[in-house]
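Student: I would like to learn how to read a few features of a model. Please take them one at a time.

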Amino acid sequence: MIKKGTSRERNEFMWGWAFVLPTMIGLIVLNIIPIFQTIYQSFFKTGDFGKGNIFIGLDNYAKLMGDAEVWQSVINTFKYAIVEVPFSIAIALVLAVLLNRKMMGVSAYRTIFFLPMVAAPAAIAMVWRWLFNSEFGLLNHIFGTSINWISDPRIAVFAIAVIGIWSIIGYNMVLFLAGLQEIPRDYYEAASIDGATGISQFFNITVPLLSPTIFFVTITRVIGGMQVFDLIFMVMDKNNPALYKTQSIVYLFYQNSFVENNKGYGSTIVVLLIAIIMVITIFQMIAQKKWVYYN
Amino acid sequence: MERKAKMMQALIHVILILVSITMLVPFLWMILTAFKSMGEATSVNPFVIFPSVWRTEGFTTVINNMDFFNLYLNTLLLIAGRVLAAVLTATLAGYAFGRLEFTGKNIMFSLILFQMMVPGQIFIIPQYLMVSKMGMLNTIFALVFPGLVTAFGTFLLRQAYMGLPRDLEEAARLDGCNIGQTFLFIMAPLTRSSMVALGIFTAVFAYKDLMWPLICNRDVMPLSAALAKMQGQYTNNYPQLMAASLLACIPMIVLYLVFQKQFIEGIATSGGKL
């Protein structure tokens with residue numbers, strides 16, 4: 001018996017390693033080593049024409065600390081996320097609750113709301129840019145306004161957040177719908193008999209019982225919002241007067257690393273981004289104890 | 001009570017229809033603008049909603065100037081490459097992590113989880129330098145490269161394998177199947193729905209990826225990067241920009257409308273486990 005056990009163990013060991021090997025080699029080469037390389041790179045200055053790395057110790061970090069453009073980009077990213085995340089979650093939650101019933105047209109609505117998820121962000125950004133156009137845009141025409149949605153530095157970042165909300169509502173909604181399926185119908189029936197209205201059912205049954213899903217969506221949306229790039233890159237021209245007040249952290253990472261070719265400083269910006277995301281995520285993990293209910 | 005319920009139902013429909021309009025207007029405006037002349041698109045007084053004649057010049061111009069055939073082909077190859085690589089490697093590794101016991105399993109699986117928690121931008125510069133050193137910039141390989149393996153997909157498939165009953169495997173082994181045969185003939189076919197979910201998820205995000213193609217490929221571009229480049233060139237020709245956007249979106253939207261159930265479930269089940 002013992003001999004058989006060991007041969008089976010050896011067998012599983014061989015097969016196990018053979019099966020995970022492609023993934024592990026890829027993971028180490030593509031992801032694990034690059035993490036250390038990026039951190040390492042952040043202590044270097046990339047020479048002109050990308051030639052040679054000059055070790056400069058913490059100089060990039062010192063520069064980062066005093067770099068007003070970077071800190072402005074941190075503020076811009078926060079502004080974007082503070083608008084995009086709560087609104088996209090709240091709207092998606094309400095829509096999911098409205099769709100979570102037997103009713104005509106449910107699947108048609110779901111299909112429509114999810115549509116932006118399968119469109120190229122570059123195309124979405126272009127059409128919104130056109131909708132936002134101050135002279136010929138549909139929005140100013142409908143509202144009878146002449147707002148410079150994307151070139152007024154005070155509002156441009158929020159206009160971009162509107163695109164972000166529009167793009168992601170359907171995705172959040174589908175995740176909520178999956179979560180809602182898990183809540184037993186009896187809870188609502190019992191509440192109805194007790195005379196609870198739809199709105200009080202929403203806050204007293206739906207929100208608490210769905211809180212693990214809400215928490216999960218919040219965590220992933222905050223991380224996604226902090227990494228906003230596509231929309232800003234596509235909507236904001238290089239000569240847009242609002243660029244300084246809208247460019248995000250990842251946008252600056254892209255600019256520094258691949259346009260100005262200072263990969264050392266680009267790496268430093270990534271390290272900053274990761275530090276910020278880590279801190280926010282840890283805070284959320286601590287805060288969840290106060291509002292997330294697990295059965 | 002009956003009346004009140006009906007009113008409620010009607011109110012819900014009104015809300016949902018208003019939201020639907022909001023979701024559809026940008027797409028409709030994309031279509032309408034694409035068929036307009038420049039004059040109609042930029043006419044303010046009167047404001048033109050429908051084109052007087054449905055012109056196709058915008059489409060013919062962008063198809064000729066941007067070589068759309070190649071853009072579709074590059075996008076298709078990018079998607080096919082990443083989907084095949086992701087599903088294949090994740091299925092193998094997912095089975096091992098979910099079903100086999102071997103030394104080193106836990107430490108390797110914690111690397112998988114670790115990768116999933118790290119924001120993706122940290123990989124980009126080294127990945128770019130690797131592709132550059134290989135002399136592979138501006139190739140389809142470069143587009144596929146970062147998606148050759150998937151920590152997230154491995155996790156997804158591991159969950160799928162863990163949900164399968166033990167006895168199946170035992171029965172197969174008693175019948176004389178070795179681990180490879182058990183995996184290939186018994187277990188892997190049972191996780192088909194998770195493979196499809198991972199495949200759709202990978203395809204949609206490969207299609208939407210913008211930064212990586214912008215960085216590594218200036219000539220062999222997929223649709224997303226080509227649109228970005230085009231916007232830089234024809235900043236204000238909105239009929240043409242909208243025609244190109246529409247052409248870029250149509251294939252994925254058609255696939256989505258045909259396979260909507262699989263798309264929504266695939267992305268939701270994958271996204272829900274992310």
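Predicted model: local features only at pLDDT ≥ 70, side-chain atom pairs only at ≥ 80, totals over all residues.

Student: Into which domains is chain A divided?

Tutor: The domain assignment gives domain 1 of chain A as residues 2–59 and domain 2 of chain A as residues 60–291. Taken over C-alpha atoms, the centres of these two domains are 32 Å apart.

Student: How many residues of domain 1 of chain A are in contact with domain 2 of chain A?

Tutor: 13 residues of domain 1 of chain A are in contact with twelve residues of domain 2 of chain A. On the domain 1 side, helix H1 (2–41) and strand S1 (44–46) of chain A each supply at least two residues. That side divides into five nonpolar, six polar and two charged residues.

Student: How should I read the contact between the chains?

Tutor: The size of an interface is often given as the accessible area lost when the parts come together. Here we have residue counts: 71 residues of chain A are in contact with 75 residues of chain B. H1(A) gives the most to the side of chain A that touches chain B, with 22 residues. The residues of that side of chain A are 51 nonpolar, 15 polar and five charged.

Student: What span should helix H14 of chain B have, at 1.5 Å a residue?

Tutor: First the general idea: an α-helix has 3.6 residues a turn, so residues three or four places apart point the same way. Helix H14 of chain B, residues 238–258, has 21 residues and should therefore span 30 Å at 1.5 Å a residue. The end C-alpha atoms of H14(B) are 29 Å apart, which agrees.

Student: Where in H14(B) does a kink lie?

Tutor: The kink, of about 40°, is at Ile250(B), shortly before the proline Pro251(B).

Student: What should I look for in phi?

Tutor: Most residues other than glycine have a negative phi. Asn261(A) is not a glycine, yet has a positive phi of about 60°. In chain B, Asn138(B) has a positive phi near 65° and is likewise a residue other than glycine.

Student: Where do Asn261(A) and Asn138(B) lie?

Tutor: Asn261(A) is in the loop between helix H11 (249–259) and helix H12 (263–291) of chain A. Asn138(B) is in the loop between helix H6 (121–133) and helix H7 (140–144) of chain B.

Student: Why does Asn138(B) count as partly exposed?

Tutor: Asn138(B) has 15 C-beta neighbours inside 10 Å, whereas a buried residue would need 20 or more and an exposed one 12 or fewer. Asn261(A) is also partly exposed, with 15 other C-beta atoms within 10 Å.

Note on methods
Residues numbered from 1 in each chain as written. Chains lettered and ligands numbered in written order. Domains from an automatic or database assignment. Contact = placed C-beta atoms within 7 Å. Helix = DSSP H or I, 4+ residues; strand = E, 2+ residues; numbered from the N terminus. Nonpolar A, V, L, I, M, F, W, Y, C, P; charged D, E, K, R; others polar. Expected span 1.5 Å × (residues − 1). Bend = angle between axes of the 7 residues up to and from the residue.
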